[in-house]
Amino acid sequence: EKGVYPYYMLKEIDEQPNVMRKLSKKYLDENGTPVIDEKLLDVMKNSDRIYIVGAGTSYHAGLVGKKQLETLTGIPTEVHVASEFAYEKPIFSKKPFFLFLSQSGETADSRQVLVNVNKDHYPSLTITNVANSTLSRESDFTLLLDAGPEISVASTKAYTAQIALEAILAKALGEHLGDQRAQDFDLKAQLSLVAQGMQTIVDEKDKIDEISQDYFVNATQAFYIGRGIDYTVSLEAALKLKEISYVHSEGFASGELKHGTIALIEDGTPVIGIITQGFTAGLTRSNLMETAARGAKTLTIVRKSLAQDDDTFVIPDVDELLTPLLSVIPAQLLAYYTSLNKGLNVDLPRNLAKSVTVE
Ligand code: F6R
């Protein structure tokens with residue numbers, strides 16, 4: 001029930017701090033040690049490469065998972081769009097492991113990959129929000145997001161839940177492999193900081209509503225830019241905006257602008273820089289200035305320790321592997337308010353369905 005909320009999407013955005021707390025409670029014990037099936041960790045430990053498969057927002061969550069898994073386990077990890085993977089099979093390593101990400105557990109594109117993986121008898125895990133869903137039943141292992149039903153077509157809490165659970169899995173596997181960074185990673189404390197941080201951002205709703213009215217409602221195009229993990233969030237941020245507000249938006253690697261995209265910048269085009277990683281912050285800031293010099297209205301989503309006076313959204317500091325959990329929230333809210341302020345049906349955007357069960 002959406003109760004006092006005008007749309008499920010806003011309710012689901014607001015639920016994210018609780019989803020973080022629930023995941024932490026379920027998958028980390030009092031000492032912060034991950035509670036993950038040892039059999040799963042043994043199988044993953046024996047693999048020489050992890051292949052993450054997903055569609056849309058779940059694919060974007062996989063891009064963050066790659067960074068977390070590689071950093072905490074050292075196992076090379078690739079991320080694939082399900083509909084591409086099914087018909088353009090990549091070259092497999094000797095001992096591949098497959099990780100499926102799917103909120104619904106019913107996405108036909110992802111299932112098609114799993115059917116082939118099972119034919120070849122390769123091991124697999126599904127991370128999903130729906131127990132007993134097709135992908136869960138057909139893969140060897142399942143980890144549940146327990147985020148509660150996600151009703152709005154635009155995925156929000158499933159994205160952040162997937163990223164948090166991937167971090168838990170990466171820590172568990174890293175510890176299993178004896179990785180020092182994984183052992184030192186205080187994920188329990190970090191997820192508690194994340195939950196608090198999410199709360200402070202959702203409490204700033206009114207400011208985001210205003211920015212939406214000032215710069216996005218009448219925009220014909222908008223861009224998110226970032227580097228590394230921030231680039232992956234810019235893809236998700238742009239998807240949210242395009243699918244529910246119909247503003248044509250794209251996420252770009254900020255260094256790529258000058259290789260073509262900057263030609264699109266017009267007077268007033270909103271460009272939002274996502275800046276959460278110390279070693280690339282300066283570079284993205286200069287890329288933003290280059291767009292401003294061509295007339296762009298520049299905005300920023302910046303972590304506190306990197307913030308300057310004129311930044312638009314300052315998000316609390318958390319571990320660099322978890323910043324997407326916070327940097328995505330202003331973008332979710334901006335998409336929500338732009339859709340709302342345009343008088344659109346936020347939960348049911350045109351041409352889309354919640355669960356895509358055809359290829
Ligand atoms: C975007 C969105 C879609 C889904 C995609 C995969 O907001 O909801 O891009 O993420 O259709 O769905 P699942 O995760 O159910 O496999």
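Thr232 has its place in helix α12, where helices (H or I, at least four residues) and strands (E, at least two) are DSSP runs numbered from the N terminus. Thr232 counts as buried because its relative accessibility is 10%; buried means under 20% relative accessible area, exposed over 50%, and partly exposed in between, with a 1.4 Å probe and protein chains only. From there, the side chain of Thr232 reaches the backbone oxygen of Ile229 at 2.7 Å. Such a polar contact is a pair of N or O atoms within 3.5 Å; within protein, one must be able to donate a hydrogen and the other to accept it, and residues adjacent in sequence count only if both atoms are side-chain atoms.

A word on what you are looking at: this is a predicted model, in which local features need pLDDT of at least 70 and side-chain atom pairs count only at pLDDT 80 or more, while totals for chains, interfaces and linings use all residues. Residues are numbered from 1 along each chain as its sequence is written, and side-chain values use heavy atoms, with hydrogens and water left out.

Let us follow helix α12 to the ligand. Together with α4 (56-73), α12 (229-245) is one of the elements that give two or more residues to the shell around the ligand. The largest share comes from α4, with three residues. In total, 13 residues surround the ligand, and the closest are Ser58, Ser102, Ser104, Thr107 and Glu243; a residue is near a molecule or strand if one of its heavy atoms lies within 4 Å of it. By class, this shell has three nonpolar, eight polar and two charged residues. Here Ala, Val, Leu, Ile, Met, Phe, Trp, Tyr, Cys and Pro count as nonpolar, Asp, Glu, Lys and Arg as charged, and the others, Gly among them, as polar.

Where does the ligand sit? It sits in the largest pocket. A pocket is found on a 1 Å grid over the protein atoms alone, as an open set of points where a 1.4 Å probe fits, with protein on both sides within 12 Å along at least five of seven lines. A molecule sits in a pocket if more than half of its atoms lie within 2 Å of the pocket's grid points.

Now look at the ligand's oxygen atoms. An oxygen atom of the ligand is 2.4 Å from an N or O atom in the side chain of Glu243. Backbone atoms take part as well: a ligand oxygen is 2.7 Å from a polar backbone atom of Gln103, and a ligand oxygen is 3.1 Å from a polar backbone atom of Thr57. The protein covers 90% of the 410 Å² of accessible area that the ligand has on its own, with areas from the Shrake-Rupley method and a 1.4 Å probe.

His121 lies in the loop between α6 (108-119) and β4 (124-128), and Asn132 is in the loop between β4 and α7 (134-138). His121 has a positive phi of about 60° although it is not a glycine, and Asn132 has a positive phi of about 65°, again without being a glycine. Most residues other than glycine have a negative phi. His121 counts as exposed because its relative accessibility is 71%, and Asn132 is exposed with a relative accessible area of 59%.

Finally, turn to some buried helix residues. Phe216 lies in helix α11 (residues 205-216) and counts as buried at 1% relative accessibility. Tyr8, in helix α1 (residues 8-14), is buried at 19% relative accessibility. Tyr8 and Thr269 are 261 residues apart in sequence and 29 Å apart in space, C-alpha to C-alpha.

Note on methods:
On a 1 Å grid over the protein atoms alone, a cavity is a set of points where a 1.4 Å probe fits but cannot get out, and a pocket is an open set with protein on both sides within 12 Å along at least five of seven lines; lining residues have an atom within 4 Å of a point.
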